[in-house]
Amino acid sequence: MKTIKLFITGLLFFAVSSAQAQVSVNVNIGTPQPVVIASPKVVIASPPEWGPVGYDNAEYYYLPDIQAYYDIRLSQYIYFGNGKWIRSRHLPSHCRNYDLYRGYKVVLTDYHGHTPYAHYKTHKVKYHKGYKGKPQKCRGEYRSHYENDHHDNHNNNGHHDKHEGKGNHGNGKGGKH
């Protein structure tokens with residue numbers, strides 16, 4: 001009889017321990033996840049070397065000479081092609097020789113969305129090809145354009161093919177190269 005009482009006491013103790021474990025598990029199941037999962041962290045990229053000085057909080061540039069945008073946060077070009085707006089890390093092939101350091105950048109300080117091209121018709125008229133506003137100074141040295149860019153056709157010691165008549169491009173000589 002003593003053995004049966006001991007067995008039943010042990011069984012009750014085991015049952016109570018199991019019940020407490022289940023309560024603990026149930027409480028933990030309903031615990032909310034950390035805030036990081038509920039609201040993902042947004043990484044803001046720094047402006048490119050060829051970007052103008054003084055606009056650290058800007059989100060987009062409009063590049064009037066090639067009628068394209070640059071998304072600073074995502075480090076992407078936005079251009080119209082094949083009937084739609086395309087986002088890419090690289091310029092389209094017809095713009096690969098465009099000199100981002102010397103080209104004028106319109107800083108869109110008044111736009112904070114995801115589709116700057118929604119205002120393309122206005123930007124195209126207001127900032128026509130060849131548009132030059134107030135003078136701009138690039139964030140980085142001109143030389144770094146040739147050392148760090150990702151454009152195609154750089155088999156000429158880092159110089160572009162089609163820069164005839166557009167200045168010395170940092171090589172110390174005037175005119176063509």
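Leu 74 is found in the loop between β2 (68-71) and β3 (76-81); helices (H or I, at least four residues) and strands (E, at least two) are DSSP runs, numbered from the N terminus. The model is predicted: local features need pLDDT of at least 70, side-chain atom pairs count only at pLDDT 80 or more, and totals for chains, interfaces and linings use all residues. Residues are numbered from 1 along each chain as its sequence is written, and side-chain values use heavy atoms, with hydrogens and water left out.

Leaving aside residues up to four places away in sequence, Leu 74 touches Arg 87 and Arg 89, a contact being heavy atoms within 4.5 Å. Ala 45 lies 29 residues from Leu 74 in sequence, yet the C-alpha to C-alpha distance is 6.5 Å.

**Gln 76 in strand β3**

Gln 76 is found in strand β3. Its side chain and that of Arg 87 are joined by a polar contact of 3.1 Å. Such a contact is a pair of N or O atoms within 3.5 Å; within protein, one must be able to donate a hydrogen and the other to accept it, and residues adjacent in sequence count only if both atoms are side-chain atoms. Not counting residues up to four places away in sequence, Gln 76 touches Tyr 69, Tyr 70, Asp 71, Arg 87 and Ser 88.

Two strands pair if DSSP finds at least two bridges between them.

| Strands | Sense | Bridges |
|---|---|---|
| β1 and β2 | antiparallel | 4 bridges |
| β1 and β5 (residues 106-107) | antiparallel | 2 bridges |

Tyr 60 stands opposite Asp 71 in β2, while Tyr 61 has Val 107 in β5 as its bridge partner. β1 and β2 form a hairpin with 4 residues between them, and Gln 67 in the turn has a positive phi of about 50°.

**The protein as a whole**

The protein contains 4 helices and 5 strands, in the order α-α-β-β-β-β-β-α-α from the N terminus. Of its 177 residues, 33% are buried. Among contacts with a separation of 6 or more, 60% link residues 24 or more positions apart.

Definitions and conventions:
Buried means under 20% relative accessible area, exposed over 50%, partly exposed in between (1.4 Å probe, protein chains only).
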